[in-house]
Amino acid sequence: LRRGDEQSLGMAVRTLDGMAAGGMYDLLGGGFHRYSVDDRWLVPHFEKMLYDNALLASTYLHGWLVTRDERYREISRATVEYMVRELLLPEGGFASAQDADTDGVEGLTFTWTAEEGAPLELLEPFEHGRSIVRGVVDEGTRARLFELREQRAKPLRDDKAIASWNGLALAALAEAGRRLERPDWIETARNLGSFLLGPLSAEQGRLRRSYRDGRTSGPGYLDDYANIAHGLLELHVATGELRWLEEANRLARLAVELFADDEHGGFFLSASDGERLVARTKELDDHPLPSGNAMLAHVLLRLARIYGDIELEGRSVGVLRLVQQALERAPTAFGWALCALDLHLSPPREIAIVGSVASEVARAALAAWQPNTVVAVGQADHIPLLAGKSPVAGKPTVYVCERFACREPVTDPAAL
């Protein structure tokens with residue numbers, strides 16, 4: 001999606017379509033099951049994970065922005081709706097997962113028989129005489145079957161809120177809320193940001209690993225800091241509130257202090273003052289989640305371009321040097337590092353917005369998917385990208401810059 005050439009886009013579209021055909025994707029209630037156990041991507045392991053759904057909500061949103069295929073927009077919307085409906089906790093955080101089993105039977109909630117009202121042409125055999133819904137489901141049929149399904153017992157929910165997974169959810173909520181014009185999602189994202197910086201943080205502003213029933217457990221790891229900083233950057237763009245940018249900057253710099261390997265580059269998984277281990281490890285490749293090193297490298301590059309900070313950029317480049325040879329050997333294991341590398345190699349481009357992000361000129365500036373453009377919003381002389389910038393004639397104003405050299409400020413969307 002980032003490259004946009006015919007071959008790359010074709011690969012991305014084929015993958016997005018295959019995942020969304022039904023089975024792995026819940027055609028009735030939105031959201032994605034954890035993985036498929038067959039080569040058709042039909043039969044899933046029915047567990048639904050917060051991190052999968054957060055990452056895929058963003059991926060399909062970006063797919064829509066690049067291709068303008070409305071199916072991808074709808075899948076992104078339905079996936080965020082699923083997260084809010086089934087995983088949102090009263091405290092403002094998100095639960096980790098929904099189980100695969102209901103009453104001890106895998107997939108019982110999500111599978112059907114013809115006698116239960118599902119059209120035969122949509123049913124693909126599963127187990128225990130039950131079937132999976134797959135194919136093109138019209139909205140009337142989807143709504144009817146979903147209403148019937150809602151009357152069933154639901155899988156148990158793991159209501160532990162894990163910091164790093166919630167950081168990914170924050171990014172998905174904030175960006176989808178902004179792009180799909182859902183102020184309710186943006187408000188949910190604000191509440192999540194406050195939860196992460198409040199109940200899920202300790203004294204001195206350090207993160208904890210997880211939260212459940214009013215109690216936290218364990219110090220935060222590298223991926224907790226990296227993913228939450230990532231989410232806070234998206235929340236800043238969605239709201240225009242400086243607090244979130246400043247907190248992203250604080251957490252990223254704290255992560256450098258706690259996790260950096262000053263001798264060899266990159267970042268350790270655990271903090272320097274954490275539990276004494278035989279050896280501190282580094283995780284460089286992505287698993288189901290982006291690696292903490294790759295995500296922090298990506299965050300630091302964005303902050304370096306907003307704050308004009310060469311040291312932060314150097315820390316990010318240190319990660320890229322560590323994975324350089326591995327990127328060539330096994331690029332699919334380093335997707336987020338490749339995103340960071342793409343950003344690093346791209347010409348620096350910055351957008352500074354003074355005024356409401358809901359203004360027409362700001363919306364026009366932010367309409368396209370621009371993964372290699374950094375954005376800062378507000379009037380703040382202590383933030384280099386925003387320093388000295390003010391509204392023109394009292395109107396919301398956009399400054400488009402390269403390495404802090406800015407074009408004439410713009411107040412008319414047509415001029416962008």
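Is H128 buried or exposed? In this predicted model, in which local features require pLDDT of at least 70, side-chain atom pairs count only at pLDDT 80 or more, and totals for chains, interfaces and linings use all residues, H128 is exposed, with a relative accessible area of 64% (buried means under 20% relative accessible area, exposed over 50% and partly exposed in between, with a 1.4 Å probe and protein chains only). Residues are numbered from 1 along each chain as its sequence is written, and side-chain values use heavy atoms, with hydrogens and water left out.

H128 is located in the loop between β7 and β8 (131-133), where strands are DSSP runs of E of at least two residues and helices are runs of H or I of at least four, both numbered from the N terminus. Although H128 is not a glycine, its phi is positive, at about 55°. Most residues other than glycine have a negative phi. A positive phi, near 60°, is also found for W41, again a residue other than glycine; W41 belongs to the loop between β1 (35-36) and β2 (44-45) and is partly exposed, at a relative accessible area of 33%.

T113, in the loop that runs between β6 (105-106) and β7 (123-125), counts as buried because its relative accessibility is 16%. Leaving aside residues up to four places away in sequence, T113 touches A118, L123, G129 and R130, a contact being heavy atoms within 4.5 Å.

In α4 (139-149), the buried residues are T141, L145, F146 and R149. Viewed down the helix axis, these residues fall within an arc of 125°, so they line one face of α4, the arc being that of the directions from the helix axis to the C-beta atoms. The cover over the buried residues of α4 includes α3. At the N-terminal end, α4 is capped by D138, a side-chain oxygen of which lies 3.1 Å from the backbone nitrogen of G140.

The second largest pocket has a volume of about 530 Å³, and its lining comprises 24 residues, with Y25, L27, E74, I75 and V137 lying nearest its centre. The elements that contribute two or more residues to this lining are α1 (6-20), α3 (70-87) and α4 (139-149), and α3 gives the most, with eight residues. A pocket is here an open set of points on a 1 Å grid over the protein atoms alone, with protein on both sides within 12 Å along at least five of seven lines, and lining residues have an atom within 4 Å of a point.

Key
1 Å grid on protein atoms, 1.4 Å probe; cavity = no way out; pocket = protein on both sides within 12 Å on 5 of 7 lines; lining within 4 Å. Points joined across faces, edges and corners; volume = space filled by probe spheres on them. Polar contact = N/O pair within 3.5 Å; in protein donor to acceptor, adjacent residues only side chain to side chain.
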